[in-house]
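Visitor: Can you walk me through this one?
Guide: Here it is.

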Amino acid sequence: MLPITRAGDLPVCPPEHRWLIEDLWADEAVGIIGGEPKCGKSFLALDMIVAVVAGVPCLRRFPVVRRGPVLLYAAEDALHLVRTRLEGICRAAQVPLADLPIQVITVPTLRLDIAADRQQLQATIAAVRPILLVLDPFVRLHRIDENASSEVAPLLAYLRELQRRFALAVIVVHHARKGGHALRAGQALRGSSDFHAWGDSNLYLRRIEDRLLLSIEHRAAPSQTGLPLALSAVDDALALHLVDAPPAAAPPAPSSLEKVEHALTQADRPLTLAELRHACHLRMARVCQALATLTAQGRVQKTAAGYQLTASPAISGDRFPAIPLQPPGNGNG
């Protein structure tokens, strides 16, 4: 019979071992970095590589939990361009590239649907022992029909087998359909739906007008959407960084009219001009002008004892502190 274990005896993963990059990529997770062309997918993958090997926060924001060597295959980019991009990211992270254990596969082609290539990749992983394997992009790693689940599933299963056998994380860079903004990010990935279902951690980049947005999706952790990114120059080299959201605009200061009406709302009796001036911290001319407007609108009436509201106030007290009514020191009543 197959080996079995009671559910209560299954191993427990301590919280500190659940992440490779905290909140961004789970430890020993397989998944996709997806997005339309020219959305910065390769830059994001390289930023994750530098973070993992150097132990520095990815995108200067997400802490690295597990640090170790990385194996990269960049199928579309020339080797000198890979180095230039890594150097730019290292400058942004303030670490020297020469000291980092990033191993780059330099073979011209690598096809996961060819048995000999799969054996070579497995042998390379066994020799390097990386904790992260990055393959960029998936379209250059095969000669299959990406829309056929029967052809895609075996390749993804092979990568899952590598992950389990060597206890590493696997990132595959993959294209999204053009014009797929109306779809969920995972559903917009090009080809079979197996890509979306396969990932334990998936990252999606989308460009909406002039904004670049990052969405994070996990199988067993909360997800995040709409994190703004920007690709900026650091000493003539490029690196991605998270853009801080602009501070919330302060609510507009209440007008003289609102201050006077609020003071009358808080009072349980008519107020004199001097009391209103003291409560609202306004000049007498402004108090008189506000009262004239409110009286003309029928919201305030003058009595022998002072001024009071004629109906229920329309202004919420949330924008104003409670006003203590104290006898004024001086003023005209």
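The chat below covers a pocket, a helix and the cysteines.

Guide: This is a predicted model, where local features need pLDDT of at least 70, side-chain atom pairs count only at pLDDT 80 or more, and totals for chains, interfaces and linings use all residues. Residues are numbered from 1 along each chain as its sequence is written, and side-chain values use heavy atoms, with hydrogens and water left out.

Visitor: What volume does the largest pocket have?
Guide: About 330 Å³. A pocket is an open set of points on a 1 Å grid over the protein atoms alone, where a 1.4 Å probe fits, with protein on both sides within 12 Å along at least five of seven lines. The volume is the space filled by probe spheres set on the points, which are joined across faces, edges and corners.

Visitor: Which residues are closest to its centre?
Guide: Lys38, Cys39, Lys41, Ser42 and Arg85, out of 18 lining residues; lining means an atom within 4 Å of a point.

Visitor: Which element gives the most to the lining?
Guide: α1, with 3 residues. Helices are DSSP runs of H or I, at least four residues, numbered from the N terminus.

Visitor: Is α1 mostly covered or exposed?
Guide: Mostly covered, with 14 of its 14 residues buried, meaning under 20% relative accessible area (1.4 Å probe, protein chains only). Just after α1, Gly55 has a positive phi of about 75 degrees.

Visitor: On to cysteines. How many disulfides?
Guide: The structure holds 0, counting cysteine sulfur pairs within 2.5 Å.

Visitor: And why does Cys39 count as buried?
Guide: Because its relative accessibility is 4%. Cys58 is buried too, at 0%.

How values were computed: Helix = DSSP H or I, 4+ residues; strand = E, 2+ residues; numbered from the N terminus. Buried < 20%, exposed > 50% of the residue type's maximum accessible area, 1.4 Å probe, protein only.
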